[in-house]
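Colleague: I'm new to reading structures. Could you take me closely through one stretch of this model, and then show me how it sits in the rest?

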Amino acid sequence: RDLIRDWSSDVCSSDLPDSTEKEQPVTWCNEVKNTIQEAEHQLNHAYSLNQLEAVTDALEAAEDKPVDCRLVFQCSQLKAKLESEIMLENSTQVQVVTSLDEFTGIHEELNHAIDNAERKGADAAMVASAKTLRRRLMSEAALMRAVQGKEKTTPGHITMLQELTKAAIAESANEELITTAEKLIAKLTSEAEVLRRLAITAPLSALSSFKEAAGKEEGYLPPWALATEEFE
């Protein structure tokens, strides 16, 4: 009388959550049957709550019990998902790069959290937000590295600064950093223009009068210097 033959309580073959075949029916005593049902009820309830602590407790309570393997698998997946979302949230706490020395660690942690979240099926909106932050931090670090580097008045260097600034603006990067970069670009551009004009006028500056230009090869002086009235 203490035993109940429950012919409907088939379990998954080989304890695989995706199994479709059933094993033979099992016979449990009332105490064991109630224990299993209670564990499965706790798993179902925890799954519906979608809270890490509740799911963790339910999985621990169901450990070593012959509960529905599909239910255990679903809760295990949910636990991994919730843990990955917490990791992702923690990795996005740094919103601004203030030092290039700390950027590498921040970037690696964020990369790991994003990869883990994608594997565990974390909330798509959270993943997208983290990726947006990653792009912004990368643009800030690249621009900061260029701004803090050696100043050059070459067209290539100035163009590089302009492109990095443009990319940072597109990612809504730190406004103070963008302002610093724009000031540097303006400064280097003006210096480059001064140097260009100095180079053009160097041959002319070396002469004390236009008479000294006689006999110089064509192209020695800039074309605009030959029209003396316009030049004056």
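Modeller: Start at Asn50, which sits in the loop between α1 (30-49) and α2. Keep in mind that this is a predicted model. The phi angle of Asn50 is near 60°. That is a positive value, and Asn50 is not a glycine. How exposed is Asn50? Its relative accessible area is 38%, so Asn50 counts as partly exposed. The reason is that the partly exposed class runs between the buried cut-off of 20% and the exposed cut-off of 50%.

Now step into helix α2, which spans residues 52-62 and holds Glu53. Glu53 has a relative accessible area of 63%, so this residue is exposed. Follow the chain on to Asp64, in the loop between α2 and α3 (69-91). Asp64 also has a positive phi without being glycine, here near 65°. With a relative accessible area of 76%, Asp64 is exposed.

Which residues make up the negative surface patch? They are Glu53, Asp57, Glu60, Glu63 and Asp64.

The structure holds 9 salt bridges. One of them joins the side chains of Arg136 and Glu140, at 3.4 Å from N to O. Both residues belong to helix α5 (residues 124-148). They are 4 residues apart, about one turn of the helix. Is this pair buried or exposed? Arg136 is buried, at 14% relative accessible area. Glu140 is buried too, at 0%. Both values fall under 20%, which is why they are classed this way.

Another bridge links Lys187 with Glu151, where the closest N and O atoms are 2.7 Å apart. Lys187 lies in helix α7, while Glu151 lies in the loop between α5 and α6 (155-170), so this pair ties together parts that are 36 residues apart in sequence. Lys187 is partly exposed at 36% relative accessibility. Glu151 is partly exposed as well, at 44%.

Lys187 has a further partner. Its side chain meets that of Glu191 in a salt bridge of 3.2 Å, N to O. Glu191 is partly exposed, at 31% relative accessibility. Through shared partners, salt bridges join Glu151, Lys187 and Glu191 into one network.

Stay on helix α7, which covers residues 175-205 and includes Leu195. Leu195 is partly exposed, at 46% relative accessibility. Together with Val194 and Leu198, Leu195 forms a nonpolar patch on the surface. The three have about 280 Å² of accessible area together.

Finally, zoom out. The protein has 9 helices and 2 strands. From the N terminus, the order is β-β-α-α-α-α-α-α-α-α-α. Of its 232 residues, 31% are buried. The protein exposes about 15,200 Å², and carbon and sulfur atoms supply 51% of that area. Take the contacts between residues at least 6 apart in sequence: 58% of them join residues at least 24 apart.

Key. Residues numbered from 1 in each chain as written. Predicted model: local features only at pLDDT ≥ 70, side-chain atom pairs only at ≥ 80, totals over all residues. Heavy atoms only, no water. Patch = residues over 30% accessible without salt bridge, like charges linked within 9 Å, V, L, I, M, F, W, Y side chains within 5 Å. Areas by Shrake-Rupley, 256 points an atom, 1.4 Å probe, with all protein chains shown as cover. Salt bridge = Lys/Arg side-chain N within 4 Å of Asp/Glu carboxyl O. Lys, Arg positive; Asp, Glu negative; His and termini not counted. Charge placed at Lys NZ, Arg CZ, Asp CG, Glu CD. Buried < 20%, exposed > 50% of the residue type's maximum accessible area, 1.4 Å probe, protein only. Contact = heavy atoms within 4.5 Å.
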